[in-house]
2 protein chains.
Amino acid sequence: MTIILALDFGGTKLAAGLVNLGSREWLRYERRFSPHNASASTDLEIMRSLAHSLLQGKKPAAIGVSFGGPVDATMGKVRLSHHVSGWENIPLREWLEEEFGVAVSVDNDANVAALGEHRFGTGQGYESIFYITVSTGVGGGWILNGKPWRGAGGMAGEIGHMVVDPTGPPCLCGKRGCVERLASGPYMALDVREVLGREGERRRGGEIIQRLVENNLELVTGKVVSEAALLGDVLAEDILYRGAWGLGMGIGNVANLVNPQLFVLGGSVAKSGERWWEVLRKTARDTALPEVDFEIVAAGLGDDAPLWGAVAMAEQSCFRA
Amino acid sequence: MTIILALDFGGTKLAAGLVNLGSREWLRYERRFSPHNASASTDLEIMRSLAHSLLQGKKPAAIGVSFGGPVDATMGKVRLSHHVSGWENIPLREWLEEEFGVAVSVDNDANVAALGEHRFGTGQGYESIFYITVSTGVGGGWILNGKPWRGAGGMAGEIGHMVVDPTGPPCLCGKRGCVERLASGPYMALDVREVLGREGERRRGGEIIQRLVENNLELVTGKVVSEAALLGDVLAEDILYRGAWGLGMGIGNVANLVNPQLFVLGGSVAKSGERWWEVLRKTARDTALPEVDFEIVAAGLGDDAPLWGAVAMAEQSCFRA
């Protein structure tokens, strides 16, 4: 049997899957969290051991790799990671081709996930989709005319740093009120910690968050904010739905600009419940011109969208060869 | 000789040009202002007379039409005009094909101008460009992978109603602080009239504007605002460069999202002088991520970009036939 190996270097997770060429079910599949002080070399070491444990001595026909950060897809080179140190200019394709002796394709996770959803997920049969991942960061990937569109310099899809509120909170990128600054998990957690950390101030809500983390603000994450909002915490609601508003503004703007048929949303924050989706959809609809039609749906492949996209990339390289 | 007829229905101007197939110089060319109370029927009447006066009884091989408003390019049907009444659902292609007995292509002016600049103007040799017209309105048109990208419903390119300042002035579209609301000629004139119309209020500048229009605020236009800014009027400067800031924000966001090689700017407001370009370029550069490269240049074909794009569309229909 011809087998395909798919690898996903996420911001906080590492995953690998093995399929028979043409199959739509995993032959074998493994997933690990990155260690707390992960670096490029620890992540690479874990991924190599995952890959070899999956392959059990067999040689795949091709390898597809999804990477959570900017990638030069033509060269198969990682530019950097915003979450894990040491990834600057790592020739990931070259290293993996040397180690495994087969063709390797590498691309940014949002581009890869867009391809995955288009080939195997909710985006099947659509000519134009914009995939958005909303988790540690916010990023996007394009399918236009049925094919990936990466942009002139491979940087297309950056909805995360679209400014939707110029008077909003400052973002690490140097601007204010970016989509990622409002809608991503870590930034929502930061905003909650900041409000709860201020002493002696009157504020609305926060009690449920405090209870969930047993008064240890260090433990507040995006997931905790979502949970607290669903339990009715007013502070958590304010911050979570402000994020949905920001992302909705971004999506409406993108609809006006590029007019894709479908928006597909993946990532942990997209699991924040019905009201998050309502705020997002209403804001996007109000922001887009009335003549501009689109749908916004959840990723059909869930967290495995990048891994299945990596399978699609690897399969393409088999058919090219 | 095989001849091609190109027609341009602008918001305020009507133009027609005639070329020999393959030539890059006008054989004949005419341009008229729309009458003050223009309607679809007066504009059509003027355009028919322009066309027949250019053709002098000859039959063109094909006709290309640029229209200043939303168009269903597949059906060759005008959806509406935001500036001239009576254009709702006019089957322009059908009418012109009946009258002239040849193939007619119709598209929105920004899409057509993008094609014109790509084939004959500043965009030659580029694979991806975004053309933006900044005049009565603000609209955009895409070339991606060397071909026009019109969007799933033909609505792509709408940078004009991207919100860049949610707390900004209200726009007719129902939102606040859209690019068009800040940067288009009529809206800049409106803002000036409003400030100058308020009695007894302390304000900075405005004297030069008052002098240019001889105290008749009705006569303030975008062009007057640009002129007054160049002459040092502080109020005109505030409003003109706020517009350049808004458009710069929009361009930076588009660069992050789609990463085209080149932005080409046409329309009357793009002739507002060096400082307008400086503010625009700096804002776009600051808004885009550092890794995202692009250039912003003036339309090489100037006001004739839509007309030359119409020539390109008509030529394509000749080669298809």
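Predicted model: local features only at pLDDT ≥ 70, side-chain atom pairs only at ≥ 80, totals over all residues.
User: How many residues of chain A are in contact with chain B?
Analyst: On chain A, 35 residues are in contact with 35 residues of chain B; contact requires C-beta atoms, placed from the backbone, within 7 Å. Helix α8 (residues 234-258) of chain A supplies the largest share of chain A's side, six residues. Helices here are DSSP runs (H or I, at least four residues), as are strands (E, at least two), numbered from the N terminus.

User: And by class, what is on that side of chain A?
Analyst: It has 18 nonpolar, 11 polar and six charged residues. Ala, Val, Leu, Ile, Met, Phe, Trp, Tyr, Cys and Pro count as nonpolar, Asp, Glu, Lys and Arg as charged, and the others, Gly among them, as polar.

User: Why do the copies meet through the same surface?
Analyst: Because 100% of the interface residues of chain A are also interface residues in chain B.

User: Changing topic, which domains does chain A have?
Analyst: The assignment, which is automatic or from a database, gives domain 1 (3-115 + 303-320) and domain 2 (124-299). Their centres, taken over C-alpha atoms, are separated by 26 Å. In chain A, 14 residues of domain 1 are in contact with 16 residues of domain 2. Helix α3 (residues 109-120) of chain A gives the most to the domain 1 side, with six residues.

User: Back to α8(A): which residues of α7(A) meet it?
Analyst: Val225(A), Ser226(A), Ala228(A) and Ala229(A) in α7(A) meet Ala236(A), Glu237(A), Ile239(A) and Leu240(A) in α8(A). By class, this contact has six nonpolar, one polar and one charged residues.

User: Now Ile90(A): is it buried or exposed?
Analyst: Ile90(A) is buried, because 21 other C-beta atoms lie within 10 Å. The cut-offs are 20 or more for buried, 12 or fewer for exposed, and partly exposed in between, with C-beta atoms placed from the backbone.

User: Where does it lie, and which residues does it touch?
Analyst: Ile90(A) lies in the loop between β6 (77-78) and α2 (92-100) of chain A. Not counting residues up to four places away in sequence, Ile90(A) touches Ala40(A), Lys77(A) and Val78(A).

Methods. Residues numbered from 1 in each chain as written. Chains lettered and ligands numbered in written order. Contact = placed C-beta atoms within 7 Å.
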